[in-house]
There are 2 protein chains.
Amino acid sequence: MKAVVVCDVGPRDGLQNEPDVLPPAVRAELATRLAAAGVLRVEAASFVRDDLVPQMAGAEEVAAALPADTQTTFAGLVLNERGYDRLRATSLEEVHFSFAASETFQQRNAGSSVEEGVATAARVVRRAHEDAHRATVTIGTAFGCPFEGEVDPGRVLELAARVAADGANEIVLADTIGVGVPSQARALVEGAIGHGVPVGVHLHDTRHTAVASAWAAVEAGATVLDGSIGGIGGCPFAPRATGNVATEDLLYLLEREDVPTGIDLDALIVVAEWLARVLGRKLPGRVYRAGPWPVNR
Amino acid sequence: MKAVVVCDVGPRDGLQNEPDVLPPAVRAELATRLAAAGVLRVEAASFVRDDLVPQMAGAEEVAAALPADTQTTFAGLVLNERGYDRLRATSLEEVHFSFAASETFQQRNAGSSVEEGVATAARVVRRAHEDAHRATVTIGTAFGCPFEGEVDPGRVLELAARVAADGANEIVLADTIGVGVPSQARALVEGAIGHGVPVGVHLHDTRHTAVASAWAAVEAGATVLDGSIGGIGGCPFAPRATGNVATEDLLYLLEREDVPTGIDLDALIVVAEWLARVLGRKLPGRVYRAGPWPVNR
């Protein structure tokens, strides 16, 4: 089967939604440890206002502490051009921009319309390319919206087509609230993949469907999977629930299904164990607790 | 898509592997609540030695407390003919018998060879039919063995063919230690289904693959899925890990994929909430914490 690029968003989407505030040096260490385990893409920082999102404060310090001698691409999330101005002054070589497919979510989360989201995505992609950076655009609430309910897949695919036409290097379809099921993943990936741009999925495991949907996405041709080490990152819309799917859990499945990723599962499990110690609690991920299998593989 | 019979094994496989010992009346109440939520099959008791498995003590009391006026079939697990002697003296109308596909596991777990397991299965099935009972045979370690590692799927399918020839009403392929992945589920179900007997899977979520493998099994034609309410039941081979997949988590996926089950998901979530209160702790299941979706479906 085709290789899959696993992007660990733990240092960003994970830690951003945890109560703990880890200093930039520790977040950089997490990203560095992930790279050392063979994770080829790490979303290491978010260029947002430090006073609004203290968990992400000091993005520049995180970027400055990342290693240069690695195969791994470190990326930063931006929500607007101001964020991109900050990212381009760092060593990061890839920008992630995200907007939602549903109007209410985009208004509440970003204070703009979906149309404005598409337009900003196009500007960020253009500027990234001028700077010889890669640009990934994530379409949020692609599997469902906490305010509007079902989201029309036709609308998601129309947005994906425009993002592709605007030159994004990659489109990631995000299940922001963890409601998606395999048939949705398959239909969205199959629809988006026709635009000639690599397609990925970013799945939350809030309702335990993320691994099944990720596998359906890979079978449909997705070549990028987002995960969050240890499964860190809760769900703001369901406070008792888990959020991001654990990277090492995805990796166990990919390894057993012979999908190449370049990642050393045993090393990744050690990173999850380290992070559990840093955070001082058991993480939602399952494989780091159960161990890989077979033992002598 | 074809309807799926969901069998909740929480009162048996779930509670058997929890540290708590619930009295027979509470286990019967759990089974009764599951039936009231529309679960059509409940493994309510295990006819084993009370001194060896105190969690399952008083199987006759559990059976005597179950309601008669329900569409639900209540089943009991037996490991030998002595167990069946006890079951046939109760009101239970279905027997579950289990043996492992791997020699070492069967020796350590049941003290017999796999051949003896097949032979006992045949005798239990024959006696059940003489009593006008249904008989399900579960083949354990079908996806992997904690002692032997990989298990040859050809061997599993050979055993399934013999069980089918011996007249079992249903064959369930069990991932006893939670190592399976979707391609295994698909291959085993496709292979077993040719014998003209309904095929099911019993999956543990120890490595987070149970929902993905369950969905692959259903796509391959499986018509029975075992689950354990709230995801109760740990994994004796990985003490820090989770065990059975949560019934309500499977059900969320089936409902979203339009697979008929007869179960009311909202009512099932209430049962999981009740059980969490009885056990006094958060259960591993995810959907009971996050809630179903969309809210007004």
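Which element supplies the largest share of the lining of the second largest pocket, and how many residues does it give?

Analyst: Strand 4 of chain B does, with five residues. This is a predicted model: local features need pLDDT of at least 70, side-chain atom pairs count only at pLDDT 80 or more, and totals for chains, interfaces and linings use all residues. Residues are numbered from 1 along each chain as its sequence is written, chains are lettered from A and ligands numbered from 1 in the order written, and side-chain values use heavy atoms, without hydrogens or water.

Start with the pocket itself. The second largest pocket holds about 970 Å³. A pocket is an open set of points on a 1 Å grid over the protein atoms alone, where a 1.4 Å probe fits and protein lies on both sides within 12 Å along at least five of seven lines; lining residues have an atom within 4 Å of a point. Points join across faces, edges and corners, and volume is the space filled by probe spheres set on them. The lining counts 42 residues. Nearest the centre of this pocket lie Arg12(B), Gln16(B), Leu77(B), Leu79(B) and Asn109(B). By class, the lining has 18 nonpolar, 15 polar and nine charged residues. Asp, Glu, Lys and Arg count as charged; Ala, Val, Leu, Ile, Met, Phe, Trp, Tyr, Cys and Pro as nonpolar; the others, Gly among them, as polar.

Several elements of chain B give at least two lining residues each. Among them are helix 1 (10-16), strand 2 (41-46), helix 4 (81-88) and helix 5 (103-110). Strand 4 (94-100), strand 5 (134-140), strand 6 (170-175) and strand 8 (224-227) are also on that list. Helices (H or I, at least four residues) and strands (E, at least two) are DSSP runs, numbered from the N terminus.

Now the strands around strand 4. In chain B, eight strands form a closed barrel in the order 1-2-3-4-5-6-7-8, with parallel pairing. Neighbouring strands of this sheet are turned by 25° against each other on average, direction ignored. Strands count as paired if DSSP finds at least two bridges between them. Strand 4 and strand 5 of chain B pair over seven bridges, in the parallel sense. Val95(B) has Ala135(B) as its bridge partner in strand 5. Phe97(B) has Val137(B) as its bridge partner in strand 5. On to the next pair: strand 5 and strand 6 of chain B run parallel and are joined by four bridges. There, Ile139(B) has Leu173(B) in strand 6 as its bridge partner.

Strand 5 of chain B is largely enclosed by the rest of the structure, because six of its seven residues are buried. Buried means under 20% relative accessible area, exposed over 50%, partly exposed in between (1.4 Å probe, protein chains only).

A helix covers this stretch. Helix 7 (residues 153-165) of chain B lies across strand 4, strand 5 and strand 6 of chain B. Helix 7 runs at about 165° to strand 5 of chain B. Helix 10 (residues 247-256) of chain B packs on the sheet elsewhere, touching strand 1 (5-8) and strand 8 of chain B. The direction of helix 10 makes about 140° with that of strand 8. Contact means heavy atoms within 4.5 Å. Axes are lines fitted to C-alpha atoms, for helices over the stretch in contact, and angles run from 0 to 180 degrees between N-to-C directions.

One loop of chain B also deserves a note. His208(B) lies between strand 7 (199-203) and helix 9. Its phi is near 70°, positive in a residue other than glycine. At 3% relative accessibility, His208(B) counts as buried.

For context, look at chain A. Its eight strands also close into a barrel, in the order 1-2-3-4-5-6-7-8, with parallel pairing. Of its 50 lining residues, Arg12(A), Gln16(A), Leu77(A), Leu79(A) and Asn109(A) lie nearest the centre. That lining divides into 19 nonpolar, 20 polar and eleven charged residues.

In short, strand 4 of chain B gives five residues to the lining of the second largest pocket and pairs with strand 5 over seven bridges.
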